[in-house]
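Please work through each task before reading its solution.

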Amino acid sequence: MPSTLFQKVWDAHSVRRLPTGQTQLFIGLHLIHEVTSPQAFDMLRARGDRVAFPERTIGTVDHIVPTKNQRRPFIDLKAEEMLSSLERNCREYGVQLLDLQSGQQGIVHVIGPELGLTQPGMTIACGDSHTSTHGAFGAIAFGIGTSQVRDVLASQCLAIEPLKVRRIEVRGRPGAGVYAKDVILTIIRRLGVNGGVGYAYEYGGETIDRMSMDERMTICNMSIEGGARVGYVNPDQKTYDYLQARRFAPHGDAFERAVRWWSSLASDPDAAYDDRVVIDAAEIKPTVTWGINPGESVSVDEAIPADADSEALAFMGVARGQRVSGTPIDVAFIGSCTNGRLSDLREAARLVRGHHVASHVKALVVPGSQSVRAAAEREGLDRVFTDAGFEWRGAGCSMCLAMNDDRLEGTQVCASSSNRNFKGRQGSPTGRTLLMSPAMVAAAAIAGEIVDVRQFSATEAVVGR
Amino acid sequence: MAVERIQRVSGTALPVRGDNIDTDRIIPARFLRSVSFEGLETHLFEDDCREAAARESNSHPAANPIFAPATVMIVNRNFGCGSSREHAPQAIRRRGIRAIVGESYSEIFFGNATALGMPCVSAAPDVVSALLDLAETMPSTEFVVDLQSMTVTAGDSTRPIALPAPARDAFLTGTWDATGLLLSDFDEVYAVAERLPYISGW
Ligand code: SF4
């Protein structure tokens, strides 16, 4: 029977049906970090369990790492305690840790793919909701809580219920200045922040097919902001080309055999879906959020809708009918697991080259991983950014959620390439976040206010204010 | 681990109004800077409480001592969306809440709460709205969430609730802590792993 990738991967990893009716699902790759794993190891200890498949778990440190001074012990003692605890747990249970000395540390959803750990057909779990990112490779990847991290450590399995599959087809070609971020923000706006509850999102169509792996990761990353715990793209030649020669990917003949298996997993052309949605790429414009959830967005040249939520308007200090372009910003943040990869930095650098950050704006670039940072430096992107007045930082989550010392102050407004504009998300309970593509963040940093990146790159008229 | 069957939860209620209340609001990230869950309850809804206090209009129910003894929480739609942090249900449970009644939940939050033995049952919007009103106007009202009869009783009215069968069974049979189940018959797990080409070595 024709079926979807979701169904094929699910079936291949199903151990049995549990008495509760849930499926016991084998997890092929488990990624851990310092925030959601220490309590899980403690629970494991309390039960006296071992880690069942230590070689199938890999750790890194991302959320709390300082991105300025990374010398140990960290000045921030709580951060130091969290990293030390992760180090101790990994050592004790035989789990590999990609730490700050490894040269391969970074945001867990950036390093999985770039090291070739993430592969098509895998089930992947991590104590972080943006685990959906890994679906870009045709993996079924989802975020889990700490008790489930314990379950995966103890058994390499999860007790979980299957999802329905919604095919989201993005047809045609988006115009200039429209990025993957705009595509996913548009999808979330259309389907709602809880529209995906109960579903895995399968993204396809010409727009998605033409996207690079980095762009597909941006799309899958934000599935959870639309309520979908899982998002994926069927693997294709681009996927295989990306994985070839990566550290943990199969090599030589094994790679050829792997490609045959991977290709067999893609959804069959006549597979049945629980739901289908078609989006016309030509209608997508550069998009910016104005509210306090990622579904509250408008295109940059559009007015805030008349039915906008009052609580969100009050918190953000904006009004119905107002346009987001022209909104002054205080901070510009380029980074995160959504848009902290090399191609994001290249595009942002292309826009800032030869310009300077507006004098009232604090702007920072936080590469998603040490490898991204090193690659960017080999291309001289660090100089482009620092010459333009951006700070160039070490790899980590940084101001995406402000668990280190990078955070908004008071009611600052931040143009951010991250994924969440929740109240308080960037560290100040009253701080305000506007989500947009990294190119739009770069343009806003230079202009000192939200501008339409299409006009910015065409005329450069807003430069140097 | 001892089997604890959860059939009913009763007590007064904590009403928390609003759709899409995300886990960053339930427990802001700065309180996650710890290697344990201890003490999280003291920061539950902290920023929302502060914001409500600043507005002077009304204090946030989580900051109102009247609701301190509550064991049932009433919420609206898509509660617990956003970050997967189990710190959110941990903070709620450590605050004394043993069951949540709401319109709907994010899946990850639902799963996390289930793993802690805290049922998240759903009810129709008009039921939730009535329960919120009742909890706010008569905070001493006793609420009974019954997973056997699948009802919520408050005051003199009894209304239907819903809970997916697997979660309901897990509570009723005391198997909501999945680890034990997952570790039984482990040979099957090895068999599945061996069949996966990326594990058997292509
Ligand atoms: S970059 Fe942000 S969203 Fe991504 S893992 Fe880090 S904190 Fe979470």
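The model is predicted: local features need pLDDT of at least 70, side-chain atom pairs count only at pLDDT 80 or more, and totals for chains, interfaces and linings use all residues. Residues are numbered from 1 along each chain as its sequence is written, chains are lettered from A and ligands numbered from 1 in the order in which they are written, and side-chain values use heavy atoms, leaving out hydrogens and water.

**Exercise 1.** State what share of the residues in chain B is buried.

*Solution.* Begin with the cut-off: buried means under 20% relative accessible area (1.4 Å probe, protein chains only). Of the 202 residues in chain B, 58% are buried.

**Exercise 2.** Describe the open sheet of chain A, from strand order to one bridge.

*Solution.* Strands are DSSP runs (E, at least two residues), numbered from the N terminus, and two strands pair if DSSP finds at least two bridges between them. Next, locate the edges: β17 (391-392) and β19 (432-435) of chain A each pair on one side only. Then take β15 (residues 331-334) and β18 (residues 413-416) of chain A, which are joined by three bridges in the parallel sense. Finally, A:Ala332 has A:Ala415 in β18(A) as its bridge partner.

Technical notes
Buried means under 20% relative accessible area, exposed over 50%, partly exposed in between (1.4 Å probe, protein chains only). Helices (H or I, at least four residues) and strands (E, at least two) are DSSP runs, numbered from the N terminus.
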